[in-house]
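Welcome! Take a look at the sequence and the model below, and then we will walk through some of the backbone and helix details together.

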Amino acid sequence: MKKKNKILLGVLSVLFLPMVSFAQGLDTFEEKVTEFTLDNGLHFIIIERPVAPVATFVTFVNVGSVNEPVGNTGVAHIFEHMAFKGTKEIGTTDWEKESAAITRADFVYRQWVRERSKPNPDQERLERLKSRFDELVDEADQYVVSNEFTQIIEQNGGSGLNAFTSADATGYFYSLPQNRAELWFTLESDRFLNPVFREFYAEKDVVMEERRMRTDSNPVGRLIEEFLSVAYSAHPYKNPVVGWSSDIQGTSIEDAKQFFQQYYTPSNITIAIAGDVDPDRMKELAETYFGRMAPGRPAPEVVTSEPEQRGERRFVMVEESQPFFLSGYHTVSQTHPDFAALQLVGAITSQGRTSRLYKRLVEDEQMALAVQAFNGFPGTKYPGLFMTLAVPNQGVTLEEIEEIIEEEFQKVKDGDITQEELDRAITNARASQVRSLNSNMGLALSFAENHAQKGSWKQSFSSLEALEEVTLEDLQRVAETYFVKNNRTVGMIKNESSEEEVAINSEEN
């Protein structure tokens with residue numbers, strides 16, 4: 001509730017700003033953006049923004065969980081963790097000895113995985129291998145200088161050091177004082193030129209704990225994971241970003257190296273730098289440090305397509321927790337002409353206090369604590385899902401929630417949306433765009449992502465132009481096309497105690 005209030009206030013504040021056309025905005029950025037591609041294929045976008053003597057650096061890798069091989073789900077996320085472990089010079093007291101121990105430990109671990117995967121594993125051999133593996137990990141750990149990579153950045157005024165892994169991409173970012181730009185080039189090129197895979201197995205334990213916290217011990221996390229595995233039968237969007245437990249456990253350093261070599265090639269990386277920087281100097285440093293990377297082969301593309309769904313899919317999880325409703329329709333990728341109209345359907349039906357679902361379910365009839373509809377889950381690079389989620393109020397069944405949601409979507413199909421609602425949604429999208437491009441981080445991340453996945457940073461503006469071209473007829477057409485029962489998956493968390501209470505109340509009434 002508080003978050004939605006903040007969003008609404010943010011939109012209102014932006015609306016009071018003098019508005020300029022997006023063509024003018026694009027022209028302004030074109031004057032401040034310098035692009036170049038190194039001989040090895042790595043693309044740079046430099047955005048001059050001298051509002052403060054700092055710069056934000058974003059390394060955007062066009063690889064996510066959707067690209068992971070069978071048996072190694074979660075490896076994209078695991079490697080993201082590895083990228084903070086330093087280099088051959090940073091984070092170790094003796095790289096040669098540490099590296100030798102790491103190599104031996106991984107060899108033993110792969111033997112352990114092979115034995116464990118047999119129908120009738122030799123338990124005594126498993127114990128011997130595990131014991132030897134632990135010895136080698138301890139041997140490697142004695143050379144580790146923990147967190148030295150992070151400490152160097154912080155000691156030089158760095159801030160916002162972080163990373164993310166999604167279904168579609170992996171990103172690394174932080175800011176530094178403008179006069180420390182060369183430090184970033186040194187560290188960033190070194191950690192991706194020759195990754196060290198230091199503390200790999202300890203970090204896998206961290207990833208496993210993330211999975212336990214966000215999914216295994218979280219009813220909604222379990223629901224979403226189950227939902228994707230039901231909604232998708234073939235496409236790798238069905239796999240969780242964090243990975244399946246058995247795959248996390250089974251992944252070795254050798255597996256992670258192969259993944260890195262396939263996808264962390266220069267032509268699959270876009271780097272955006274925004275702030276008080278000199279483009280000519282940035283190009284000089286880029287050629288010096290990142291020019292050392294070998295071109296490599298083009299990263300493999302996902303070739304599996306999700307087949308057309310043949311009928312509605314439904315499942316119910318019975319939990320002693322807050323009931324939860326989730327539904328999804330298969331739609332399109334971000335490059336499809338219908339994507340913009342679907343985005344606006346989500347905004348009109350659930351974004352803000354004036355949206356249809358929020359006003360009816362949360363405010364007027366007070367049947368739900370929260371409701372949201374949006375397009376593009378779990379990703380947008382490939383055809384994703386139009387999702388609707390709702391949390392019912394006490395005494396309200398999930399079936400009642402579903403019925404109202406379907407009624408509101410039927411109104412969209414019937415052409416009930418007004419031009420005023422459409423205009424408001426577009427205005428809100430425009431305001432959101434202004435906010436997102438009002439910081440170094442927002443600019444760098446948006447421009448890098450749009451270049452990597454849509455071919456040009458200018459798509460940051462073109463996507464908004466596409467929204468402005470959507471008509472009421474488009475909204476009706478996409479709803480009729482995609483919001484059909486055979487194309488839908490529904491998942492619910494039901495609480496038996498709550499269901500019994502609702503039934504008793506119904507009988508008494």
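Pro378 sits in the loop between β9 (368–377) and β10 (385–392), and the peptide bond from Phe377 to Pro378 is cis, with omega near 5°. This is a predicted model, in which local features need pLDDT of at least 70, side-chain atom pairs count only at pLDDT 80 or more, and totals for chains, interfaces and linings use all residues. Residues are numbered from 1 along each chain as its sequence is written, and side-chain values use heavy atoms, leaving out hydrogens and water. Helices (H or I, at least four residues) and strands (E, at least two) are DSSP runs, numbered from the N terminus.

Most residues other than glycine have a negative phi, and most peptide bonds are trans. Here are two non-glycine residues with a positive phi:

Now for the helices. The axes of α13 (residues 339–350) and α16 (residues 419–436) come within 9 Å and cross at roughly 105°. Axes are lines fitted to C-alpha atoms, for helices over the stretch in contact, and angles run from 0 to 180 degrees between N-to-C directions. The two helices, α13 and α16, are therefore roughly perpendicular to each other (65 to 115 degrees). Leu344, Ala347 and Ile348 of α13 meet Glu421, Leu422, Ala425 and Ile426 of α16, where contact means heavy atoms within 4.5 Å.

Key: Parallel < 35°, antiparallel > 145°, perpendicular 65-115°, else oblique.
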